[in-house]
Amino acid sequence: MGKVYNLAEVSKHNNAKDCWLIISGKVYDVTKFLDDHPGGDEVLLAATGKDATDDFEDVGHSSSARAMLSEYYVGDIDSATIPTKVKYTPPKQPHYNQDKTIEFIIKILQFVVPLILLGVALGVHFYTKQSA
């Protein structure tokens, strides 16, 4: 078992001259591998300062790539220093009514009722004018 590092210590090694990664609870100094990495050095540099396990697993590295990790092993990570992943919970939203009939009726009434009232008011006005 190697030395135990915390996230702050590992995060300091985040450039092309000094690049460390955290994969599956272990710390690797991949500085010498940057030029040889098939995906380019940018991929490795972007994975510094965090737990890169998901990034490593998502690519689907071969067994030989996994075996190469042991060459770059420098120690273990203190798991208490890595933030826990929080499950995404979408915000509460009002119920979506796919049946738009009620909304359509309300909009029609908002348009028609004032027209009817205007017509009645004008009718009353002209009726009272003619009666007088």
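This is a predicted model: local features need pLDDT of at least 70, side-chain atom pairs count only at pLDDT 80 or more; totals for chains, interfaces and linings use all residues.
Local features need pLDDT of at least 70, side-chain atom pairs count only at pLDDT 80 or more, and totals for chains, interfaces and linings use all residues. Residues are numbered from 1 along each chain as its sequence is written, and side-chain values use heavy atoms, with hydrogens and water left out.

**View 1. The largest pocket.** About 410 Å³ of space lies here. A pocket is an open set of points on a 1 Å grid over the protein atoms alone, where a 1.4 Å probe fits, with protein on both sides within 12 Å along at least five of seven lines. The volume is the space filled by probe spheres set on the points. Of 19 lining residues, Phe33, His37, Leu44, Phe56 and His61 are the closest to the centre. Lining residues have an atom within 4 Å of a point.

**View 2. Helix α4 in the pocket lining.** Four lining residues come from α4, the largest share. Helices are DSSP runs (H or I, at least four residues).

**View 3. Asp76 and Lys26.** Their side chains meet in a salt bridge at 3.6 Å, N to O. Asp76 lies in strand β5 and Lys26 in strand β4, so the pair ties together parts 50 residues apart in sequence. Strands are DSSP runs (E, at least two residues). A salt bridge puts a side-chain nitrogen of Lys or Arg within 4 Å of a carboxyl oxygen of Asp or Glu.

**View 4. Lys50 and Asp55.** This salt bridge spans 2.7 Å, N to O.
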